[in-house]
Amino acid sequence: MTGDVAAAAGGCHLFSGCGFPAPGLQDFDFQKLFSIGGWNVTKPEVLAILVTLVVIVFFWVAFAKPKMIPGKTQSIGEMAILAVRDQVIRPQLGAKGDKYLAYISAMFFWILLCNLIELVPILQFPVMSRIGFVLPMMLIMYVLYWYQGFKTKGFIGYFRSWIPQVPLFVLPLLILIEVAKYVIIQPFTLAIRLFANMFAGHLLLSIFMVATWYLAGASIGLVYAAGSLFMVFFVFLLEILVGLLQAFIFTTLISSYLADSLEYHH
């Protein structure tokens with residue numbers, strides 16, 4: 001929202017004769033804040049580090065000295081972990097999935113906060129709207145996914161498990177389809193779903209925020225501005241839901257893929 005909000009705030013209104021400063025791809029590019037050696041640190045990277053610290057510190061405080069009668073922080077932490085276990089992991093993996101609880105819980109809360117940080121004043125940017133943050137999570141998941149598949153079924157057995165029992169004449173086509181599914185389609189959709197939803201939501205919120213300012217005026221423009229402001233609040237609430245759903249969907253898919261690699265079916 002940086003460039004277009006700045007342009008709008010500079011006095012660009014509907015009745016001032018200037019064009020609408022439409023948000024676009026330029027609002028996802030950031031100048032460096034500072035450098036560490038050859039690494040130019042930008043706002044999304046700072047936000048990702050901030051969210052990481054928040055997740056680590058919260059759960060460290062919650063469980064560093066657990067008590068039989070938990071305090072508020074420990075109670076919240078326990079409810080959060082149990083929610084991920086009971087709603088995300090166990091429906092896919094059953095009790096065997098508990099060994100992945102730390103990994104999947106960390107992913108869930110990190111993604112959730114990276115999404116919701118868009119709604120915090122000043123910070124106002126969803127980290128997951130940058131594909132560079134999503135791809136490493138997808139790659140880590142697929143390394144684990146394939147590792148568990150090889151460990152459980154053996155190298156040849158794992159690839160053989162991709163192909164169901166079918167008549168021989170459809171086997172060549174089916175092999176191509178299944179290889180594309182496991183190697184291309186699943187990784188691509190896992191990453192692009194999270195990225196595209198957060199990208200589109202941030203862009204939509206930016207458009208209505210800038211439009212509210214642009215339409216504001218002492219005449220009929222106030223009516224249009226009020227309508228745009230209503231959409232800001234609507235999209236704001238929608239982004240809370242989308243942020244939560246995307247964290248849930250991403251980690252649920254991780255659990256289901258792990259279940260597939262382990263040949264465990266609920």
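The dialogue below moves from the overall fold to the charged side chains.

Q: What kind of model is this, and how are its residues numbered?
A: This is a predicted model, in which local features need pLDDT of at least 70, side-chain atom pairs count only at pLDDT 80 or more, and totals for chains, interfaces and linings use all residues. Residues are numbered from 1 along each chain as its sequence is written, and side-chain values use heavy atoms, with hydrogens and water left out.

Q: How many helices and strands does the protein have, and in what order do the elements run?
A: Helices (H or I, at least four residues) and strands (E, at least two) are DSSP runs, numbered from the N terminus. Here there are eight helices and two strands, in the order α-β-β-α-α-α-α-α-α-α from the N terminus. The C-alpha trace spans about 70 × 60 × 45 Å along its principal axes.

Q: What share of the residues counts as buried?
A: Buried means under 20% relative accessible area, exposed over 50%, and partly exposed in between (1.4 Å probe, protein chains only). Of the 266 residues of the protein, 39% are buried by that rule.

Q: How many positive and negative side chains are there?
A: Lys and Arg count as positive and Asp and Glu as negative, while His and the chain ends are not counted. The place of a charge is NZ of Lys, CZ of Arg, CG of Asp or CD of Glu. The protein has 15 positive and 12 negative side chains, and the centres of the two sets lie 11 Å apart.

Q: Which residues form salt bridges?
A: Side chains of opposite charge can pair when their charged atoms come close. A salt bridge is a side-chain nitrogen of Lys or Arg within 4 Å of a carboxyl oxygen of Asp or Glu, and the count here is two. Arg 85 pairs with Asp 86, with the closest N and O atoms 2.9 Å apart. Arg 85 is partly exposed at 21% relative accessible area, and Asp 86 is partly exposed at 34%. In the salt bridge of Asp 98 with Arg 90, the closest N and O atoms are 2.6 Å apart. Asp 98 is partly exposed at 27% relative accessibility, and Arg 90 is partly exposed at 31%.

Q: Is Asp 27 buried or exposed, and where does Asp 27 lie?
A: Asp 27 is buried yet has no salt bridge, and Lys 43, the nearest side chain of opposite charge, is 10 Å away. Asp 27 lies in the loop between helix H1 (2-9) and strand S1 (34-36). A polar atom of the Asp 27 side chain lies 2.9 Å from the backbone nitrogen of Gly 24.

Terms used: Polar contact = N/O pair within 3.5 Å; in protein donor to acceptor, adjacent residues only side chain to side chain.
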